Amino acid sequence: MAVYGLSFGVALAMLSPVLRQPPLDGFPLSTYPMFSTARPAISEFPTLLGVTSSGEREVLSPALISGDPWAILAFETVRTAKRGGKRRRRALCEAVAARVADDDERAGVYAQIVFVTETYDAPAYFFGDTNPRSIKVHATCPVPR
């Protein structure tokens, strides 16, 4: 009889993350909350753009934004600067402009760097409407020549 009780207890412990509200992610059972919870349709993405002399805007690579090739590190660098206030946003903008100026392929392409938050309708984006709903400019700085 004790074996049945122990088995029931272990099974209940394994299912406990699923039964919690909100669902918790953890050992021994992952509920994958990043995929199983509802997300808002409107999403904001802070980033830095390179602006050409003709006014075209292009998303910069993670390496130019953070000095590292990993996209998640570039995103966290931008998000931290955005939360850090005007001085941190300006400092990141200037650091990115300096990296662009030192990059042989991009130095002559961009006239300035713009720190923005772009707002997208996520479902519409994946159905082809890739234009941002709004763009908020946080900082602008020239690329040193």
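**Salt bridges and a disulfide**

A: Start with Arg133: its relative accessible area is 44%, so Arg133 is partly exposed (buried is under 20%, exposed over 50%, partly exposed in between, with a 1.4 Å probe and protein chains only).

Q: Which residues are joined with Arg133 into one network?
A: Salt bridges that share partners join Arg133 with Asp121 and Asp129. A salt bridge here is a side-chain nitrogen of Lys or Arg within 4 Å of a carboxyl oxygen of Asp or Glu.

Q: How far apart are the closest N and O atoms of Asp121 and Arg133?
A: They are 3.6 Å apart. Asp121 is in strand β3 and Arg133 in the loop between α6 and β4, 12 residues apart. Helices (H or I, at least four residues) and strands (E, at least two) are DSSP runs, numbered from the N terminus.

Q: Where do these numbers come from?
A: The model is predicted: local features need pLDDT of at least 70 and side-chain atom pairs 80 or more, while totals for chains, interfaces and linings use all residues. Residues are numbered from 1 along each chain as its sequence is written, and side-chain values use heavy atoms, leaving out hydrogens and water.

Q: How many salt bridges in the whole structure?
A: The search finds 5. One of them pairs Arg90 with Glu94 at 3.0 Å, N to O; both lie in helix α5, about one turn apart.

Q: New topic: which cysteines form a disulfide?
A: Cys93 and Cys141, with sulfur atoms 2.1 Å apart (the cut-off is within 2.5 Å). Cys93 lies in helix α5 and Cys141 in strand β4, so the pair ties together parts 48 residues apart in sequence.

Q: Is Cys93 buried or exposed?
A: Cys93 is buried, at 0% relative accessibility.
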